[in-house]
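Thanks for coming. I will walk through one chain today, going from the overall layout down to a few single residues. Please keep the structure in view while I talk.

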Amino acid sequence: MIINSWEGFEQLFFILEESVLKWANAAQDLKGMDALLNGNVDEKICQYVHHHKYMPYALIIARLANNPNFEQLTINLAPKKIRIFGLLILFRIR
């Protein structure tokens with residue numbers, strides 16, 4: 001993004017306010033980190049974390065922050081298991 005006017009600067013600032021600054025304000029303590037990773041601060045961040053390799057960190061933060069939905073999070077984020085011809089197969093449903 002090239003900023004060559006005041007309007008361009010305002011657009012950039014709005015983008016920063018809606019993303020990075022919102023995340024920074026939320027992530028000031030464990031409860032805020034939990035809200036960011038497991039709550040409703042930013043749905044895109046929550047979905048990304050829950051469906052990638054960072055999911056264990058989201059569960060750790062939820063536990064440390066005494067998230068009342070911790071048990072349900074562990075159930076929802078656990079890999080699903082099926083047996084096919086005697087083989088145990090783990091997969092994640094997104």
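Along the sequence, the pattern reads α-α-α-α-α-α-β-β. That makes six helices and two strands. Helices here are DSSP runs of H or I with at least four residues, strands are runs of E with at least two, and both are numbered from the N terminus.

Before the details, note that this is a predicted model, where local features need pLDDT of at least 70, side-chain atom pairs count only at pLDDT 80 or more, and totals for chains, interfaces and linings use all residues. Residues are numbered from 1 along each chain as its sequence is written, and side-chain values use heavy atoms, with hydrogens and water left out.

Some totals next. The chain has 94 residues, and 24% of them are buried. Buried means under 20% relative accessible area, exposed means over 50%, and partly exposed is in between, with a 1.4 Å probe and protein chains only. The accessible surface is about 7200 Å², and carbon and sulfur atoms account for 63% of that. These areas come from the Shrake-Rupley method with a 1.4 Å probe; for residues, only the protein chains shown count as cover. Of the contacts between residues at least 6 apart in sequence, 25% join residues at least 24 apart. A contact means heavy atoms within 4.5 Å.

Which residues of α4 are buried? They are Cys46, Val49 and His50. Down the axis of α4 these fall within an arc of 95 degrees, so they line one face of the helix. The arc is taken from the directions from the helix axis to the C-beta atoms. The buried residues of α4 pack against α3, α5 and α6.

In α6, the buried residues are Phe70, Leu73 and Leu77. Their arc, seen down the axis of α6, is 55 degrees, so they too line one face of the helix. Their cover includes α3 (30–38), α4 (43–50) and α5. On the face turned away from the buried side, α6 carries the exposed residues Glu71 and Ile75.

Next, the loop between α5 (55–64) and α6 (70–77), where Asn67 sits. Is Asn67 buried or exposed? Asn67 is buried, because its relative accessible area is 12%. Leaving aside neighbours within four places in sequence, Asn67 contacts Asp34, Asn38, Ala62 and Leu73. With Asp34 there is also a side chain to side chain polar contact of 2.9 Å. A polar contact is a pair of N or O atoms within 3.5 Å; within protein, one must be able to donate a hydrogen and the other to accept it, and residues adjacent in sequence count only if both atoms are side-chain atoms.

Asn66 lies in that loop between α5 and α6 as well, and counts as exposed because its relative accessibility is 56%. Most residues other than glycine have a negative phi. Asn66 is not a glycine, yet has a positive phi of about 55 degrees.

Asn69 is another residue of the loop between α5 and α6, partly exposed at 47% relative accessibility.

Last, Tyr48, which is in helix α4. Tyr48 counts as partly exposed because its relative accessibility is 43%.
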